[in-house]
Amino acid sequence: MKSTSWLNFAIGKCLCFNNKPGRGSYYLEKALESYESSGRYLNAIWCHNYLGICFSYLGMYESAGKHFMAGIMSAKHF
């Protein structure tokens with residue numbers, strides 16, 4: 001299967017909510033990088049949101065906060 005940003009996003013989101021937030025964050029970060037480099041910033045906002053959730057599940061609250069704030073600031077702009 002070809003690795004695409006949408007596939008990475010979908011896998012990351014599913015893993016995040018199926019008790020595998022560490023693996024989910026890996027796929028979401030790949031999707032985020034792809035979305036930001038290609039200018040699809042609304043999709044990147046969703047990646048930030050789900051990354052914040054994954055890091056919250058992992059107890060990494062500082063990283064979670066950074067992603068939530070990035071999502072909020074981007075949402076205000078876009």
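Which hand does the crossing of H3 and H4 have? The crossing of H3 and H4 is left-handed, where left-handed is said if the near helix is turned anticlockwise from the far one by less than a right angle, and right-handed if clockwise. The notes below walk through the rest.

1. Before you start. This is a predicted model, in which local features need pLDDT of at least 70 and side-chain atom pairs count only at pLDDT 80 or more, while totals for chains, interfaces and linings use all residues. Residues are numbered from 1 along each chain as its sequence is written, and side-chain values use heavy atoms, with hydrogens and water left out. Helices (H or I, at least four residues) and strands (E, at least two) are DSSP runs, numbered from the N terminus.

2. H3 with H4. H3 and helix H4 (residues 61-77) pack at an angle of about 160 degrees, and their axes are 8 Å apart. Axes here are lines fitted to C-alpha atoms, for helices over the stretch in contact, and angles run from 0 to 180 degrees between N-to-C directions. H3 and H4 are therefore roughly antiparallel to each other; the classes are roughly parallel under 35 degrees, roughly antiparallel over 145, roughly perpendicular from 65 to 115, and oblique for the rest. Residues of H3 including Ile45, His48 and Phe55 meet residues of H4 including Tyr61, His67 and Ser74, contact meaning heavy atoms within 4.5 Å. The residues of this contact divide into 9 nonpolar, 8 polar and no charged. For these classes, Ala, Val, Leu, Ile, Met, Phe, Trp, Tyr, Cys and Pro count as nonpolar, Asp, Glu, Lys and Arg as charged, and the others, Gly among them, as polar.

3. A residue to look up in H4. His67 is found in helix H4 and is buried, with a relative accessible area of 14%. Buried means under 20% relative accessible area, exposed over 50%, and partly exposed in between (1.4 Å probe, protein chains only). Not counting residues up to four places away in sequence, His67 touches Leu32, His48, Leu51, Gly52 and Phe55.

4. H2 with H3. The axes of helix H2 (residues 21-38) and H3 come within 9 Å and cross at roughly 160 degrees. That makes H2 roughly antiparallel to H3, and their crossing is left-handed. By class, the contact of H2 with H3 has 13 nonpolar, 4 polar and 2 charged residues.

5. H1 with H3. Helix H1 (residues 5-16) packs against helix H3 (residues 41-57) at an angle of about 30 degrees, with axes 10 Å apart. That makes H1 roughly parallel to H3. On the H1 side, Phe9, Lys13 and Cys16 meet residues of H3, among them Trp46, Tyr50 and Tyr57. This contact of H1 with H3 divides into 8 nonpolar, no polar and 1 charged residue.

6. Aromatic rings. Trp6, Phe9, Phe17, Trp46, Tyr50 and Tyr57 form one aromatic cluster. A search of the whole structure finds 6 aromatic pairs. Tyr26 and Tyr27 have ring centres 5.2 Å apart and planes at 80 degrees, so the pair is edge-to-face. Rings of Phe, Tyr and Trp (its six-membered ring) pair if their centres lie within 6.5 Å, with planes under 30 degrees apart counted as stacked, over 60 as edge-to-face and the rest as tilted.

7. Leu58 lies in the loop between H3 and H4 and is partly exposed, with a relative accessible area of 38%. Leu58 touches Pro21 and Gly22, not counting residues up to four places away in sequence.
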